[in-house]
Amino acid sequence: MKIISRIIAVILFIIFFGFALKNTDPVTLHLFMGYEFPGPLVLMLLIFFVAGTVFGVFAMLPTLFRHRRDLSKHKKSLVAKDQEIEKLQTEHSRPPQPDSV
């Protein structure tokens, strides 16, 4: 399986590298208030891809933290239930006490 994934990774790298070599045309990014940023097309695509990835990760963080908090609560609840079950089992496993006269 490692060999197959590495072969796929190499193929994807070759495809993306070829894409980068074919898209070196200069482009100008026009920003607000007259600012312009010239650069190669592949660099612009890479910058916006990375920025989109970063924004996506930041958008996921609140959900991730909420899930971790819920998981922590459930783990604590599970430990408490396990302790309660263990306590009940030890109470029922004791031999009966003899009757006193």
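Here is a short briefing on the protein chain shown above.

The model is predicted, so local features need pLDDT of at least 70 and side-chain atom pairs count only at pLDDT 80 or more, while totals for chains, interfaces and linings use all residues. Residues are numbered from 1 along each chain as its sequence is written, and side-chain values use heavy atoms, with hydrogens and water left out. The protein chain contains two helices and two strands, in the order α-β-β-α from the N terminus on. Helices (H or I, at least four residues) and strands (E, at least two) are DSSP runs, numbered from the N terminus.

**Overall form**

- The radius of gyration of the protein chain is 31 Å, well over the 13 Å that the globule rule gives for 101 residues, so the chain is more spread out than a compact globule.
- That radius is taken over C-alpha atoms, and the globule rule is 2.2 Å times the number of residues to the power 0.38.
- The C-alpha trace of the protein chain spans about 105 × 45 × 10 Å along its principal axes.

**Surface and charge**

**Helix α2**

- Helix α2 covers residues 41-93, which makes 53 residues, and its first and last C-alpha atoms are 75 Å apart, close to the 78 Å expected at 1.5 Å a residue. The expected span is 1.5 Å times one less than the number of residues.
- At L61, α2 bends by about 35°, and a proline, P62, follows within four residues. The bend is the angle between axes fitted to the seven residues ending there and the seven starting there.
- E91 is also part of helix α2, and at 40% relative accessibility it counts as partly exposed.
- E91 and F13 are 78 residues apart along the chain, and their C-alpha atoms are separated by 64 Å.

**The loop between the strands**

- M33 sits in the loop between β1 (26-30) and β2 (36-40), and counts as exposed at 78% relative accessibility.
- Phi of M33 is near 55°, a positive value in a residue other than glycine. Most residues other than glycine have a negative phi.

Key
Buried < 20%, exposed > 50% of the residue type's maximum accessible area, 1.4 Å probe, protein only.
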